[in-house]
Amino acid sequence: MIKFFLMVNKQGQTRLSKYYEHVDINKRTILETEVIKSCLSRSSEQCSFVEYKDFKLIYRQYAALFIVVGVNDTENEMAIYEFIHNFVEVLDEYFSRVTFWLILYCERGKNTSWG
Amino acid sequence: MPAPIRLRELIRTIRTARTQAEEREMIQKECAAIRSSFREEDNTYRCRNVAKLLYMHMLGYPAHFGQLECLKLIASQKFTDKRIGYLGAMLLLDERQDVHLLMTNCIKNDLNHSTQYVQGLALCTLGCMGSSEMCRDLAGEVEKLLKTSNSYLRKKAALCAVHVIRKVPELMEMFLPATKNLLNEKNHGVLHTSVVLLTEMCERSPDMLAHFRKNEKLVPQLVRILKNLIMSGYSPEHDVSGISDPFLQVRILRLLRILGRNDDDSSEAMNDILAQVATNTETSKNVGNAILYETVLTIMDIKSESGLRVLAINILGRFLLNNDKNIRYVALTSLLKTVQTDHNAVQRHRSTIVDCLKDLDVSIKRRAMELSFALVNGNNIRGMMKELLYFLDSCEPEFKADCASGIFLAAEKYAPSKRWHIDTIMRVLTTAGSYVRDDAVPNLIQLITNSVEMHAYTVQRLYKAILGDYSQQPLVQVAAWCIGEYGDLLISGQCEEEEPIQVTEDEVLDILESVLISNMSVSVTRGYALTAIMKLSTRFTCTVNRIKKVVSIYGSSIDVELQQRAVEYNALFKKYDHMRSALLERMPVMEKVTTNGPTEIVQTNGETEPAPLETKPPPSGPQPTSQANDLLDLLGGNDITPVIPTVPTSKPASAGGELLDLLGDINLTGAPTSAPAPASAPQISQPPFLLDGLSSQPLFNDITTGIPSITAYSKNGLKIEFTFERSNTNPSVTVITIQASNSTELDMTDFVFQAAVPKTFQLQLLSPSSSVVPAFNTGTITQVIKVLNPQKQQLRMRIKLTYNHKGSAMQDLAEVNNFPPQSWQ
């Protein structure tokens, strides 16, 4: 089960957060900073799944933005990894004016199935 | 008042803030503007203000004053207002706020709205934060929407139903009829959410699970859908990197897993499709691997045929060799889950797994470590241990504790020889000494005691280890203990396994003293060292005076524990020198105690075991352990949880033997527990009859009745009666119930009853029913005493009574000798 969904930039500023289980508001900021710290400290060769307290974090980096999903044990980590990318593509489709999606899509090139 | 700024501008302004303080200032200014705008009840801009408030809430600032505004927005007729209002409700409100119940009516109306988008909003909100009352009220509406033909609403209703079931499990049956047709939909959104709903129902209720397996023929339906997904060609709306709706496939596989678990028929029905998915899925992209992963998990969990299982393990093996880190991580995780059942198959990949220990990635290392421990067996122990010890040397500190414990466990189970075992443990102590868990020290000591022939070798190695470096506490503790026990072997230089080293008594004492003085030693370690020095007084011959000097210095140590020990040992030298050798004899071989068994009595930290006061030759092992068992029967053998503190207080007393009878002949107990009892009753659980104030409900089910009660004390109008109970199963325990009554014309207040018994007994006083003995015999105070009498000696008791009567404090001491023989024989 997904516990939370975060979009955080490299400086640690939260761009979007949604919690699916109640977390106190002051604990949220602490959680977010710790999560981004553990994700930032990893290099690009390391795997995208991190264990943090009793969650598993699955993160993906898009330019300067990290999308982090916190799940519990019952989830398929790779499916969530795909889900993050699906989410990003949906946002791109919906808000086509956002600029760094363009950068992203130039990188991904021909791999997408959008005609 | 100018129009409030839009959300977009607010975000832009906040982003320009360069410091946290600047941001806070901007937000506070905006909050103030929003608050005054709310006060003006401005309808046009309310939704804009709430939107800004939600953004600020997301950044971490308090926004509770917006809750009521959300409700007002929900009640409005405009869709844009409703949208923000519901979003605000989902983010700001939850069950803890009472305000949320006001929403129920709005949601009810909106669930029946003519526009599907409004209905959708209401369903989302209910599914996100509905409390159990709200869910109960609105479940009927949700169920109705589950049956509509509108797929947009159906999928939202299914998810809302999931939430309702989580909150109020009893309503599950209500949704059962609606689920019949859910899987016949074409729309993938509805299919996906229906599968989620079915999964939730099956997980929560085994009855539902059985129902779905038999009556609904769910498995064939799911198999059909999965087949269509795989076999159908390219469909642009569901395609992700060449695979059709992988998210739905994964969900269906998960539901199949739940249905097939422990059920042969269902497992058989899905064998084919699982094999098909496993072989046909494309593995070049991550998507394919995600589906394969889920398939493997399902195969391992259901009762699949062996061919399928082999296929699954091979897939995992392939994953392990893949370059992508994510895939390797996932492979290690699933191998860990399957290693119990398919041990041999996983063993084939052992070398790859051990290589993963050297990976740079922390997550992979952790998984590899856990899996390596699971794979250790009698055949590969030597090789694996080499790798694991190397890993222990080089891994991050967060792993060291787990790794050390794992190594200990593995070594204990599979050690090929005692010497190897001891070597391994020494290696762990020297490399990761400070991370070793606390219980490792007593376990290790027990192991050493039991391997009698290795004593000389062990003590020599330990001595050499701490000679250079005595900062790692567990190592020093074990070494100090061993040197204390086997110092004579060390001096005599007889060691078969290794080159014996020449050590003098002074050198040994030097090292122990430096441990005592060192700043790095913790209090426990110092205790070990002092005791070791003391033990050496019987084993060494020339340096007894030096030992005496050291011991007497610590008699004035600031550390109370050290001081107590030093004083006791000093007394040993002065008054009881004749007993010293008997008391400080070699420890007997300890019985093997399991880690979750009673460890508190046998595994004392190096304390000299109380040698029985009669001169019994060693090994006197059985006696202390049986005493431990008696005590534990006392504590565990009846249906009341008694107060524990008397157990540890008796331990140091008996350790000194006759030494600590500072109070004369009798061991006074009971005082600390009974005095605070009237004030703080809660943590001491009282047996029910004490609260009723009277009668003698028997504490045991198998009491021996017929023991006559006695009047223990009768003076100045206060009478105390003892009634007895004994258990047939545990004859050394006697339970005495005292009843105190008062025949004078004034109450006795602050009544405290204390009791003391001779050393061979143990006493436990439970809390009294009250502290006032009412006058004219109108009531009594009841209190329960439990006496443990293992040696079946005659019961004697000294009692002390303190109370206030007629304005003055009274106190009296008395001895009770008239116990009936049946109470103690």
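Reader: How many helices and strands does chain A have?

Author: Chain A has 3 helices and 5 strands. Keep in mind that this is a predicted model. Starting at the N terminus, the elements of chain A run β-β-α-β-β-β-α-α. As for cover, 50% of its 115 residues count as buried.

Reader: What makes Lys3(A) and Glu21(A) a salt bridge?

Author: The cut-off is a Lys or Arg side-chain nitrogen within 4 Å of a carboxyl oxygen of Asp or Glu. For Lys3(A) and Glu21(A), the closest N and O atoms are 2.8 Å apart, so the pair passes that test. Lys3(A) sits in strand β1 and Glu21(A) in the loop between β2 and α1 of chain A, so the pair ties together parts that are 18 residues apart in sequence.

Reader: Is Lys3(A) buried or exposed, and how do you know?

Author: Buried means under 20% relative accessible area. Lys3(A) has 12% relative accessibility, so it counts as buried.

Reader: Why is Asp265(B) called exposed?

Author: Exposed takes over 50%, and Asp265(B) reaches 62% relative accessibility, so it counts as exposed. Asp265(B) lies in helix α15 of chain B, residues 264–280.

Reader: What makes Arg546(B) and Asp506(B) a salt bridge?

Author: Their side chains meet at 2.8 Å, N to O, and the limit is 4 Å, so they qualify. Arg546(B) is in helix α30 and Asp506(B) in helix α28 of chain B, so the pair ties together parts 40 residues apart in sequence.

Reader: Which residues are linked in a network of salt bridges?

Author: Glu51(A), Arg366(B), Arg367(B), Glu370(B), Asp402(B) and Arg437(B) are. Over all chains, the structure holds 45 salt bridges.

Reader: How do you know that β8(B) and β11(B) pair up?

Author: Pairing takes at least two bridges, and 7 bridges join these antiparallel strands. One of the contacts has Ala755(B) with Ile799(B) as its bridge partner in β11(B).

Reader: What about β11(B) and β12(B): how many bridges join them?

Author: There are 9 bridges, and the strands run antiparallel. Leu801(B), for instance, has Asp812(B) as its bridge partner in β12(B). The two strands form a hairpin with 2 residues between them, and Lys806(B) in the turn has a positive phi of about 55°.

Technical notes:
Residues are numbered from 1 along each chain as its sequence is written. Chains are lettered from A and ligands numbered from 1 in the order in which they are written. This is a predicted model: local features need pLDDT of at least 70, side-chain atom pairs count only at pLDDT 80 or more; totals for chains, interfaces and linings use all residues. Side-chain values use heavy atoms; hydrogens and water are left out. Helices (H or I, at least four residues) and strands (E, at least two) are DSSP runs, numbered from the N terminus. Buried means under 20% relative accessible area, exposed over 50%, partly exposed in between (1.4 Å probe, protein chains only).
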